Amino acid sequence: PVLNDPSVPFHSLGINVGGNAQFTDEIGFIWESDQAYTSGSFGFVNGESGDFNKDKIITNTKDTPLYYTFLEGITAYKFDVPDGEYEVELYFAESQEIKAGERTFAVYINNQVAFSSLDLSADYGYRKAVFQTFTSRVENGEPLLIKFKEITGKPVLNAIRVTRK
C-alpha cells in the first residue's frame, strides 16, 4: 500500500519483522508480514531473516510468535508516511546465547538517538522479549527512518509498530 495516500488515511502498521506471514496478537491487532523497502510504502533495508529456536521459550510476552522471526544485520527500516507525529514501538529478543558485549548496536529514529548502545544480552538476557516506545515527528515529506548502527555483532529486530498520533 501507499502509506501517504490521502484517500486512505494512515493510522497504524505493525510488522512481523523477518516473517513471511501475518500474526494476530492477543488484542486482535494484525501484524503484517515483512518486506524489503519500496518507495511510497515501507520495509527493511538490508538484513537476513532468521528464526528463533522454537523449542526455546521466549519470556516476558504473551505474543511469543511475534518474536520467533527477526532480521539480523538490519541497517534501516523505512516508512513513507504522511507528515505528523508518530509513536514508534521497537521489539527485540536476543536469539543467541552470547556473552554481554558480543552484540551491541545503536538505534536512531529520524536522526534522534533511541539507543546509543543496546546490548540485549547484558541489558535483558537471552530469550527475553523487550519493547520500547518512542515518539518522532515526520516533516517536509521525509520518511520515518529507523537506522541501526553496528557496534559489535549484527543489529537485530523482531517487530516494529508505527502509529500516527
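**Salt bridges and an open sheet**

Let me begin with Arg103 and Glu72, whose side chains form a salt bridge with an N to O distance of 3.0 Å. Arg103 sits in the loop between strand S8 (84-92) and strand S9 (104-109), whereas Glu72 belongs to strand S6 (residues 69-72), so this contact ties together parts that are 31 residues apart in sequence. Please keep in mind throughout that this is a predicted model.

How accessible are the two partners? Arg103 is buried, and its relative accessible area is 3%. Glu72, by contrast, is partly exposed, at 22%.

Taken together, Glu72, Glu94 and Arg103 are linked in a network of salt bridges.

How many salt bridges does a search of the whole structure find? The search returns three. One of them is still to be described: Arg137 with Glu139, where the closest N and O atoms lie 3.6 Å apart. Arg137 is partly exposed at 48% relative accessibility, and Glu139 is partly exposed too, at 46%.

A brief remark on a lysine before I move on. Lys54 is located in the loop between strand S5 (48-51) and S6, and its relative accessibility of 49% makes it partly exposed. From Lys54 to Thr64 the C-alpha to C-alpha distance is 9.7 Å, and the two residues are 10 apart in sequence.

I now turn to the sheet. Six strands make up an open sheet with mixed pairing, in the order S2-S3-S1-S14-S8-S11. Which strands form its edges? They are strand S2 (23-24) and strand S11 (130-138), each of which pairs on one side only.

S2 runs antiparallel to strand S3 (residues 30-33), and two bridges join them. Within this pairing, Thr24 has Ile30 of S3 as its bridge partner.

S3 is also joined to S1, again by two bridges, but these two strands run parallel. Here Asn16 stands opposite Ser33 in S3.

What can be said of S1 itself? Strand S1 (residues 12-16) is mostly covered, as four of its five residues are buried. S1 also pairs with strand S14 (residues 159-164), in the antiparallel sense and over five bridges. In that pairing, the bridge partner of Gly14 is Arg161 in S14. S1 shows both senses: parallel with S3 and antiparallel with S14.

To close, I return to two points. The network of salt bridges links Glu72, Glu94 and Arg103, and the open sheet of six strands has mixed pairing. Thank you for your attention.

Note on methods: Residues are numbered from 1 along each chain as its sequence is written. This is a predicted model: local features need pLDDT of at least 70, side-chain atom pairs count only at pLDDT 80 or more; totals for chains, interfaces and linings use all residues. Side-chain values use heavy atoms; hydrogens and water are left out. A salt bridge is a side-chain nitrogen of Lys or Arg within 4 Å of a carboxyl oxygen of Asp or Glu. Buried means under 20% relative accessible area, exposed over 50%, partly exposed in between (1.4 Å probe, protein chains only). Two strands pair if DSSP finds at least two bridges between them.
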